[in-house]
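Please read the following report beside the sequence and the model. It turns to the surroundings of the ligand, then to the strands, and finally to a recorded annotation.

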Amino acid sequence: MSEWVEQRLQSLAKAFDQSYCTAIEAVVDLICQRFQAGNKLLICGNGGSAADAQHLAAEFVGRFHFNRQALPAIALTANSSILTSVSNDYTYDIVFSRQVEALGQPGDVLWGLSTSGKSTNVLHALKCAKDRGLHTIGMAGNNGGLFQEFADYPLFIADKNTPCIQEVHLMTYHHICEQVESRLFAQKSVGVKV
Ligand SMILES: O=C(CO)[C@@H](O)[C@H](O)[C@H](O)[C@H](O)COP(=O)(O)O
Ligand SMILES: [Zn+2]
């Protein structure tokens, strides 16, 4: 196997320790409960994490493994008119928190992703969400960085290497989507397509 593949696999294996896996289960429980209660999931992040936010929303609104009822998830990264007007008229720091103000209801969930745990606009969104009675999931490398203060449900890993962290994030949220889908719709989801 190529050395770089081995290094990447080692970084994945290191990240998924017992405490991280326990934290993942807590997030699965939370999202299942909130969807069952009629609440929605808002998701945000920058760059690769913006792509992750959209990917995650697509898994819930569309499907992961099998056909079932749509689940309410919104990526706050996808409306370029909102992103540009709020940045232009106010500041990029509030592009996500402004949408949390507009869309977030108590009991909803805000999931912020960042590799550094430093992105100011995601931090503002997490803080705004907490102030408004949303549950907050903070997914970040660098042991959470500044997310530590604002994440009710931390998904933190120690890694500081941006692409490695993003690879852990992808594997983590795929697992979460799979678990939520199979739990809410009572199907063994692995490999099943209807
Ligand atoms: O995808 C990558 C690097 O792999 C980049 O686009 C990266 O996401 C951007 O530099 C982000 O702005 C980094 O923000 P964050 O993860 O520290 O919150
Ligand atoms: Zn990238």
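By class, the shell around ligand 1 holds one nonpolar, ten polar and one charged residues, where Ala, Val, Leu, Ile, Met, Phe, Trp, Tyr, Cys and Pro count as nonpolar, Asp, Glu, Lys and Arg as charged, and the others, Gly among them, as polar. This is a predicted model, in which local features need pLDDT of at least 70 and side-chain atom pairs count only at pLDDT 80 or more, while totals for chains, interfaces and linings use all residues. Residues are numbered from 1 along each chain as its sequence is written, and chains are lettered from A and ligands numbered from 1 in the order in which they are written.

The residues that surround ligand 1 (C-beta atom, placed from the backbone, within 6 Å of it) include Asn46, Ser114, Lys118, Ser119, Pro163 and Gln166. Helices α3 (48–61) and α7 (162–185) each supply at least two residues of this shell, and α7 gives the most, with three residues; helices (H or I, at least four residues) and strands (E, at least two) are DSSP runs, numbered from the N terminus.

Strand β1 (residues 41–44) is covered on both faces, with Leu41 and Ile43 buried on one side and Leu42 and Cys44 buried on the other. A residue is buried if 20 or more other C-beta atoms lie within 10 Å of its own, exposed if 12 or fewer, and partly exposed in between, with C-beta atoms placed from the backbone. In a regular strand the side chains alternate between the two faces of the sheet.

| Partner of β1 | Sense | Bridges |
|---|---|---|
| β2 (residues 73–75) | parallel | three bridges |
| β3 (residues 109–114) | parallel | four bridges |

In these pairings Leu42 stands opposite Ile74 in β2, and Cys44 stands opposite Gly112 in β3.

The UniProt annotation "binding site", from an unreviewed entry, covers residues including Glu59 and Ser119; such annotations may be inferred rather than shown by experiment, and their positions are given in the numbering used here, with feature names shortened. Glu59 lies in helix α3 and is partly exposed, because 19 other C-beta atoms lie within 10 Å. Ser119, found in the loop between β3 and α6 (120–131), counts as buried because it has 25 C-beta neighbours inside 10 Å.

Key:
Pairing = 2+ DSSP bridges.
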